[in-house]
Amino acid sequence: MPFFRSALFKNIVWGTLVLFVAVGLFSLLGEKAAEPENLTLNQVAQKLAAGEVEKITVRENELALDLREGKKAVARKEREASLTESLTNFGAGAEDLRNVQIDVVNPSGWQVAMSVLIPTLVPLLAIGLLLWFMFRQARGTANQAMSFGRSTVKRSSGQERIRFADVAGLEEAKAELTEVVDFLRNPKKFQALGAKIPRGVLLAGHPGTGKTLLARAVAGESKVPFFHVSASEFVEMFVGVGASRIRDAFLTARKAAPAIMFIDEIDAVGRQRGAGLGGGNDEREQTLNQILVELDGFDNDTNVIVLAATNRPDVLDPALLRPGRFDRRVMLDMPDRKDRRAILDIHAKNKPLDKAVNLDVLASRTPGFSGADLANVMNEAAILAARANQKKINQLQLLEAVEKVVLGPERRSRVMTDQDRKITAYHEGGHAIVAASIEGSDPVHKVSIVSRGMAGGYTMKVPEEDRSYKSRKQFLAEMATMLGGFLSEKAVFGDVTTGASSDLKEATAVARKMVTRYGMSDLGVGTFGQTQEMVFLGRDLAHERDYSEAVASRIDAEVARLLAAAREAAEQVLKVNKAALDAVASALLERETLEREDFYEIVKPFNLEQISVQA
Ligand code: ADP
Ligand code: MG
Ligand code: ZN
């Protein structure tokens, strides 16, 4: 905190102010008293002689003169001499004195006291006030030390008028959260059916996808007390402080139950335990343990639901994710074109747009943009328009703003040129077509060229039913599907990009596992090599070789053979189904995301030929 905003500074300013006012008042009073004309005794004697004086009031050495015509004057006499003596010395005749009324007033006790006290008291008072302010501040610091273990949980005022309507897209997430809010409002309805109220909901998604925004919308919609805290506030240097803050935060929420508690950026404390090298993370572990305890500790009828947000669900401790804790997970995806349009609409609300502005164009020009990026685009455009002294934002400024945001320092990796988009469309299309055509593969669930993290796009396959075991055929189909992206790029563009590297790595890993762990190769039954979890390296595996060089080279040969077989099948698929691939790629370029039904609709007319991997 800068000094000029500190409490000490404020107090000093206040103290000085009080001092000034006091001094000012005092001198003002002094001036008032000095208003009447100040006369020397000489002059008084002259005025007496001239008969201008009506009355003299003597107060110790002070003379207050009432002159004719209502005028007033003051004068002082010598301390030792009496008034008449003095005046006579200055030449006033006895005659003159006789015509004047002379009052001698003995000053009352309090007047004497005041005349002494006020000049001394006022500065003292000012200094005292200053000291008091300072002490108060010091006491505040002491209190702060006492409340070190208190949480900084804040209760939402309910003033935030953010509603679900202010959050574009994210329909699934909204539906899930609406249900959670419903739980809180009507717990009886659910309990009557024996349903347990969910304890925790984890919002996961890339930065800027609207996690915090959604939580604030829940606060605006829920009509139950909403507490929010950032997990980083639990991280302190001293062991145990975080845990005690968690305890305190939950206590506060429980007192207000039914209530919602929102922990933002939970990965700050929720990282997998025991994953650091050496010690040094005791504090975070204790904090996490306390969260776990609090999540478990609710009585069944205390209605506190914990919302948490993270953009790293992969690093969270598994204990956090087990049923009864954050068992509900809501994924917030990067917005696709339709959602981007809706987000732009929301952020264009209070901005005057030129009539010619076309937000659809803007939406299609911004693949890979998060909600936060889009909000930023609208804002940058408004700034550009203001700089140009315009009343409305025009399309050119919007497009310039897009460029500005794209070229911003952190976004460089996300720039998607038209060529990039095309390559991505064929890459993902390749995955999807192979998945749909290889025997043993899971059906395509979703294909998208909206980037996710490092990947340009993604293809999701979801098994028809839950399975505990995977067959050899399924592994081979999986490998062929993984290679589909790479091979499609190669077939269409005659070149390959770095985008396929993780596919290749994964396909190789599957092949190696088939050979060394599952006995699914010609090498026969038996496992090769020992893997064990190394606690201090987190989830990394250490591999220990327990076979000879000769076996090692046979393993490598088997892996290569399986990969080649998968590759051959995938290439075959892409060749015979090229027309379907083209159709899917162009649909992806246009719509960016294809749901399962959309995808199968598109490929249906092509009657995909089913092929199996021969290995
Ligand atoms: P994070 O997921 O990192 O917590 P935020 O919720 O803080 O992201 O989002 C940052 C900003 O981006 C929001 O304040 C909002 O202006 C904008 N934003 C993000 N997603 C959306 C959305 N779906 N609809 C409207 N605005 C959004
Ligand atoms: Mg956030
Ligand atoms: Zn891929």
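This is a predicted model: local features need pLDDT of at least 70, side-chain atom pairs count only at pLDDT 80 or more; totals for chains, interfaces and linings use all residues.

Visitor: Which polar backbone atoms lie 2.8 Å and 3.4 Å from an oxygen atom of ligand 1?

Guide: A polar backbone atom of Gly208 is 2.8 Å from an oxygen atom of the ligand, and for Thr209 the corresponding distance to a ligand oxygen is 3.4 Å. The cut-off is 3.5 Å, so both pairs are polar contacts. As for cover, the protein hides 81% of the 560 Å² of accessible area that ligand 1 has on its own.

Visitor: Which helices give two or more residues to the shell around ligand 1?

Guide: They are helix H8 (211–222), helix H13 (337–347) and helix H15 (371–387). The shell also draws at least three residues from each of domain 3 (154–332) and domain 4 (337–407). Of the 17 residues around the ligand, those that come nearest are Gly208, Lys211, Thr212, Leu213 and His347, and by class the shell has eight nonpolar, seven polar and two charged residues.

Visitor: Why are strands S1 and S5 said to stand at the edges of their sheet?

Guide: The open sheet in question has five strands in the order S1-S4-S3-S2-S5, with mixed pairing. Strand S1 (37–39) and strand S5 (101–105) each have a single partner strand, so one side of each is left without a neighbour in the sheet. From one strand to the next, the twist averages 25 degrees.

Visitor: How do you know that S1 and S4 pair?

Guide: Two strands pair if at least two bridges are found between them, and three bridges join S1 to strand S4 (residues 72–76), with the two running parallel. Within S4, Ala75 stands opposite Leu39.

Visitor: What makes S6 and S11 edge strands in the sheet of six strands?

Guide: That open sheet has the order S6-S8-S9-S10-S7-S11, again with mixed pairing. Strand S6 (154–155) and strand S11 (328–332) each have a single partner strand, so each has one side without a neighbour in the sheet. S11 pairs with strand S7 (residues 200–205) in the parallel sense over five bridges, and Val330 in S11 is the bridge partner of Leu203.

Terms used:
Residues are numbered from 1 along each chain as its sequence is written. Chains are lettered from A and ligands numbered from 1 in the order in which they are written. Side-chain values use heavy atoms; hydrogens and water are left out. A residue is near a molecule or strand if one of its heavy atoms lies within 4 Å of it. A polar contact is a pair of N or O atoms within 3.5 Å; within protein, one must be able to donate a hydrogen and the other to accept it, and residues adjacent in sequence count only if both atoms are side-chain atoms. Accessible areas come from the Shrake-Rupley method with a 1.4 Å probe; for residues, only the protein chains shown count as cover. Helices (H or I, at least four residues) and strands (E, at least two) are DSSP runs, numbered from the N terminus. Ala, Val, Leu, Ile, Met, Phe, Trp, Tyr, Cys and Pro count as nonpolar, Asp, Glu, Lys and Arg as charged, and the others, Gly among them, as polar. Domain bounds come from an automatic or database domain assignment. Axes are lines fitted to C-alpha atoms, for helices over the stretch in contact, and angles run from 0 to 180 degrees between N-to-C directions.
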